[in-house]
Amino acid sequence: MTALDCDVLVIGGGIVGMSTAYAITRAAPGTRVTVLEKEAGPARHQTGRNSGVIHSGIYYRPGSLKARFAVRGAAEMVKFCAEYGIPHEVTGKLIVATERSELPRLHGLVQRGRENGIPVRELGPAQIAEYEPWVRGLAAIHVGTTGICDFGAVAARLARLAQDAGASVRYGAQVRTIGRRPSAVAVRTADGTVLRARAMVNCAGLHCDGVARLAGDDPGMRIVPFRGEYYELVPSRASLVNGLVYPVPDPAFPFLGVHLTRGIDGGVHIGPNAVPALAREGYAWHTVRPQELAGTLAYPGSWRIARRHWRYGAGELRRSLSKRAFTDAVRRLLPDVTADDLIAAPAGVRAQAVLPDGTLVDDFLISQSPRIVHVLNAPSPAATASLPIGREVARRVLETLRAG
């Protein structure tokens with residue numbers, strides 16, 4: 001039998017991949033782990049391009065993986081950042097209703113928060129002003145456990161901790177082919193290197209469905225990339241926002257709407273919207289990868305989303321193409337802001353799993369096949385929940401190793 005290079009190969013060096021490697025080394029010291037990341041460093045995509053919010057877990061269906069892992073993960077993330085000196089702050093946040101039609105949904109969030117064990121305080125207009133003098137709304141809720149941190153720094157620290165425990169992290173290692181035998185999994189990277197392991201974990205984020213297919217598995221879904229575009233307030237106007245302010249989300253979508261986030265650097269980010277990206281890593285309209293776009297357009301689920309939600313999508317598209325329209329959306333929460341107060345900031349792309357019938361997968365999705373664990377849907381709040389997600393994936397892959 002050919003000698004194995006390691007026990008577990010982890011594909012993907014974002015925060016979930018690094019958390020998984022860290023969790024394996026903690027749960028089973030001596031397990032040989034290798035992380036393969038195609039970029040030159042960790043956290044170059046979803047992890048490093050989000051708003052840096054440590055989510056409380058208030059939005060997610062009670063009992064779901066998102067709810068359980070976000071609530072647990074938020075507390076653990078704050079503790080992790082404190083332990084390792086990573087910039088963070090527990091700021092709390094407001095979720096603000098600006099129209100009467102949103103009040104029932106706001107009350108529903110109060111109930112959901114309580115079911116998820118999250119402290120929630122209901123506010124009237126005068127109390128909103130105590131937290132955020134420039135924000136206007138009919139009612140709001142204050143969620144005290146929400147915070148902010150540098151998730152890129154968290155991923156880098158997890159990588160170092162895993163390496164200190166014996167793991168290997170290889171950057172610039174893009175997986176091109178995957179082969180499977182009854183007793184092993186082998187991958188070939190772009191430079192021709194072949195690595196063999198007893199088991200594999202797929203944490204490839206924007207490319208996780210493609211990696212699953214490389215392994216010969218049908219993921220039963222497809223990643224449809226949605227670009228989230230951000231602005232930030234010019235520094236002279238950053239005082240308009242003290243902390244975190246969110247609109248009441250539409251329950252039909254996993255997107256939270258254009259929100260206001262004072263980050264750890266003191267700057268105020270505004271966004272994101274959600275528009276289809278023309279590439280898996282399509283951070284601007286001019287970034288088009290024809291093969292990836294053709295795959296999205298050929299997928300029945302993409303067209304079913306478009307037919308079902310075209311009105312919502314048209315609004316998001318308008319805000320993408322028109323700074324004035326984006327500003328109007330912000331002014332619902334922050335009436336004093338003008339288009340001149342907003343400057344463009346780097347965009348992110350959300351890896352959203354979509355089923356063939358057009359359903360947006362709402363929960364984290366983790367599946368297994370012989371010797372492989374696939375993480376197939378881990379968008380927001382996966383960064384918040386990354387420590388519990390990593391432990392869950394580690395548990396599954398270690399069970400695979402124990403089974404032989």
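User: How close do the axes of α2 and α5 come, and at what angle do they cross?
Analyst: The axes of α2 and helix α5 (residues 151-164) come within 11 Å and cross at roughly 70°. That makes α2 roughly perpendicular to α5, a label for angles of 65 to 115 degrees; under 35 is roughly parallel, over 145 roughly antiparallel, and the rest oblique. Axes are lines fitted to C-alpha atoms, for helices over the stretch in contact, with angles from 0 to 180 degrees between N-to-C directions.

User: Which residues make the contact?
Analyst: From α2, Met77, Phe80, Cys81 and Tyr84. From α5, Phe151, Val154, Arg157, Leu158 and Leu161. Contact means heavy atoms within 4.5 Å. By class, the contact has eight nonpolar, no polar and one charged residues. Ala, Val, Leu, Ile, Met, Phe, Trp, Tyr, Cys and Pro count as nonpolar, Asp, Glu, Lys and Arg as charged, and the others, Gly among them, as polar.

User: What kind of model is this, and how are residues numbered?
Analyst: It is a predicted model: local features need pLDDT of at least 70, side-chain atom pairs count only at pLDDT 80 or more, and totals for chains, interfaces and linings use all residues. Residues are numbered from 1 along each chain as its sequence is written, and side-chain values use heavy atoms, leaving out hydrogens and water.

User: New topic. What is the strand order in the sheet?
Analyst: β3-β8-β4, three strands in an open, antiparallel sheet. Helices (H or I, at least four residues) and strands (E, at least two) are DSSP runs, numbered from the N terminus. Strands pair if DSSP finds at least two bridges between them.

User: Which strands stand at the edges?
Analyst: β3 (53-54) and β4 (88-90). Each has a single partner strand, so one side of each has no neighbour in the sheet. Two bridges join β3 to β8 (residues 147-149). Val53 stands opposite Ile148 in β8.

User: And where does α2 lie?
Analyst: Helix α2 (residues 65-84) lies across β3, β4 and β8, at about 135° to β4.

User: How many aromatic pairs are there?
Analyst: Five. Rings of Phe, Tyr and Trp (its six-membered ring) pair if their centres lie within 6.5 Å; planes under 30 degrees apart are stacked, over 60 edge-to-face, the rest tilted. Tyr22 and Phe80 are edge-to-face, 6.3 Å centre to centre with 80° between the planes.

User: Why does that pair tie separate parts together?
Analyst: Tyr22 lies in helix α1 (residues 15-27) and Phe80 in helix α2, so the pair links parts 58 residues apart in sequence.

User: Are Tyr22 and Phe80 buried or exposed?
Analyst: Both are buried, meaning under 20% relative accessible area; exposed is over 50%, partly exposed in between (1.4 Å probe, protein chains only).
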